[in-house]
Amino acid sequence: MKHTLSVLVENKPGALMRIASMFARRGYNIDSLAVGPTERHDVSRVTLRVDCDQHPLEQIEKQMHKLVNVLRVAELVSGEAIERELALIKVTAPPVRRGELLALAEVFHARVADLGPEALVFEVVGSPEEIDSFEELVRPHGVKELVRTGRIGLTRASDRTGIKRRQHILR
Amino acid sequence: MNGADAVLRSLEAEGVEVMFGLPGGAVLPLYDAMARGTTVRHVLARHEQGAGHMAEGYARASGRVGVAVATSGPGATNLVTPIADAWMDSTPLVCITGQVRTHLIGTDAFQECDIVGVTIPIVKHSWLVQDVEQIPPVLKAAFHVAHTGRCGPVLVDIPRDVQEAEIDFRYPDEADLPGWRPPRRVNARQVAAAADALARADKPVLYVGGGVLNAGACTELHELAETARAPVVTTLMAKGAFPETHELFFGWPGMHGPKWSNWAMNTCDLLVAVGARFDDRVTGRLSAFAPGATVVHLDIDSAEIGKLRSADIPVVGPLRDVLAGITDRLRAEGRAPRTEAWLRQLEEWREQFPLRYARNGGETLKPQTVLETLRDLTAGRDDVVWTTGVGQHQMWAMQYLVCDRPRSFVTSGGLGTMGYGLPAAVGAKAARPDATVVCVDGDGCFQMTCQELATAVLEDLPIVVVIVNNGYLGMVQQWQNMFFDDRLSHVHLTHQVPDYAMLAEAYGAAGFTVSSEDELEPALAEALALGRTAVVDCRVDPREQCFPMIPAGAAAMELIEFEEPEEVVG
């Protein structure tokens, strides 16, 4: 069973390393990890996708809480949160195949980020599941290179508990 | 003043009495500041590992934060073992290391090591101080983190140029740590549930770990045990947290714990873990551990709840409040404890399965006899602090010494650090100058850190080292004997090299050699009364094994007992 954790950390040197080191040391599996700034310059948000087959989520959350730079750990529960991911996919695209690929892209609202004589680069944003589907569909055309940001997420705008928790840490 | 002065002013502001360290290039400004004057005593160790274990021994004997100082590079890496030890045993420690100048960091400069990176998995937190203005707030935070919540080690790495930079010193009143919020309050409903479970239990056991000492909750533990009439077992780390002469005390659980202690733990109907973490040396095979017990788990660290054994009733919070809360609730309800039959059963087991060994008619000196004699010579004294190394001698010390007071038994539990005992004794002596500090050591352990005899002698921190010298790396020898068909591989150290008494004398300490039972008591008595550092080399039976024993991976109930050889009489 996989879970997404949204973790607010102090924007201090080594904060990410401490999280990664703790995961490695305790044998927790990370599927994806995305780090970036938040609305506060001194706080970063780490979004982690963790595999909880061997270690219960509760234990992972508690161990993270013990890290001094970690301000808050919250699970993004599907339905109560939105999750997005961005992928760049370089696909073999000789002129004769382009039409088919572009039709496919339209369905997924993928954008052509770059175009070369024999290949093109798609930029696609969506839920991780949508990206999985798009990836699968373009794969038969020949995927030369692929990169995904890893999922990021926020609780829904209608979620009141999320707002309350945020106020608590902002004090 | 400069940054180095600011470090000392910060330590003074924290009320630090003593630090243990060894100078070097990257801490020259700090040592120069010491030369200018400070109220903090500096104890000069002979090796940074020694300094680190001294700081640990100080912390464990006093309940205060230990402070160790080392230079960059090798000085800092020599602190890694004590830091890991303090991490495993939750010992509050502030390690201050020098670092190369900031502009040299990352250039592989002389004596450069990324000690913050090296120690990340074994510290609660660490700081690389890159601005002199950060020295006071970082040290404030470092001390705060080390001793709040679950205790443990922190590291503060200070580049040399930061120590030299000028600063207007002001020490903050509070640490600025928005992400560090250890639990301070206790959930009253959980306390009530725990009290209710205790009141209803027929066969409860209080399984007490080192957390009780760190929490300063021994009085509260005592009151709870007496109110609930619940038997107490203490782990190696908690030895002395509950008086061992008390009628409710039932020994130490685990790999070399007596049968009656392990049977108590494993047949109880309610197991109350108090600041304990279900370590594998305590539980044996986890799936077979205390199978019929409801588990109440009391701890300051919520991550310990359910880490290894799921808790039916978890209570997270400061143990003083938790234990006092449960006692208050039990008293308010006034239900009579139902444990008398259980206590009688435990008494019976204790009488039925005493710790035994073959005394051999005094033909060879038995290690257990050394410990029994030490116990008898110190009986009734409340001013003795024991330290140990790691191995057979440590287990015999656990089995045979009697500790009635908190913080009177200082040992390396989780990491199992050989060589811990002697420097820890020096640190304990600094913490308790009026106490008689005795290190029960093995010959293997002694040889790992014996250079600190110089520190004991020259810093006027006299200790008594009793070497249970079996001429072997005894515990490894025991495993090779029991689980590898007695194929002894690289474990023989010999009784006589080095000559420990002569080595002691070379350091300016008193040396004694004991080879027979007759010589034992006089030598130990003299060493204990000497008032200066002494080493008593007790040359014991080389192949004595430590029993009982729960083999690794076995269930606690499958423990192997000592079997009396047929030809031996009493």
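Predicted model: local features only at pLDDT ≥ 70, side-chain atom pairs only at ≥ 80, totals over all residues.
Residues are numbered from 1 along each chain as its sequence is written, while chains are lettered from A and ligands numbered from 1 in the order in which they are written.

Let us begin with a pair of helices in chain A. Helix α3 (residues 95-107) of chain A packs with helix α4 (residues 128-142) of chain A at an angle of about 170°, and their axes are 11 Å apart. From α3(A), Arg97(A), Leu101(A) and Leu104(A) make the contact, and from α4(A) come Leu137(A), Val138(A) and His141(A). Two residues are in contact if their C-beta atoms, placed from the backbone, lie within 7 Å. By class, this contact has 4 nonpolar, 1 polar and 1 charged residues; Ala, Val, Leu, Ile, Met, Phe, Trp, Tyr, Cys and Pro count as nonpolar, Asp, Glu, Lys and Arg as charged, and the others, Gly among them, as polar.

Now step back to chain A as a whole. Chain A has 5 helices and 9 strands; these are DSSP runs numbered from the N terminus, with helices being H or I of at least four residues and strands E of at least two. An automatic or database assignment sets the domain bounds, dividing chain A into domain 1 (2-80) and domain 2 (82-148). The C-alpha centres of these two domains of chain A lie 29 Å apart, and the C-alpha trace of chain A spans about 60 × 35 × 30 Å along its principal axes.

Follow strand β3 (residues 43-51) of chain A next. Of its 9 residues, 7 are buried, so β3(A) is largely enclosed by the rest of the structure. Buried means that 20 or more other C-beta atoms lie within 10 Å of a residue's own, with 12 or fewer for exposed and partly exposed in between, the C-beta atoms being placed from the backbone. Strand β1 (residues 2-10) of chain A runs antiparallel to β3(A), joined by 9 bridges, and Ser6(A) stands opposite Thr47(A). Strands pair if DSSP finds at least two bridges between them. Strand β2 (residues 29-37) of chain A also pairs with β3(A) in the antiparallel sense, over 8 bridges, and these two strands form a hairpin with 5 residues between them.

Where does chain A touch chain B? The contact takes 15 residues from chain A and 14 from chain B, and α1 (15-26), α2 (57-65) and β4 (70-76) of chain A each supply at least two residues of the chain A side.

Over in chain B, 6 strands form an open sheet with parallel pairing, in the order β13-β12-β14-β15-β17-β16. Strands β13 (409-410) and β16 (510-514) of chain B stand at the edges with a single partner strand each, so one side of each has no neighbour in the sheet. Strand β12 (residues 384-388) of chain B pairs with β14 (residues 436-442) of chain B over 5 bridges, and Trp386(B) stands opposite Val438(B). Finally, helix α18 (residues 421-431) of chain B lies across β12, β13, β14 and β15 (464-469) of chain B, running at about 175° to β14(B).

Methods:
Axes fitted to C-alpha atoms, helices over the stretch in contact; angles between N-to-C directions.
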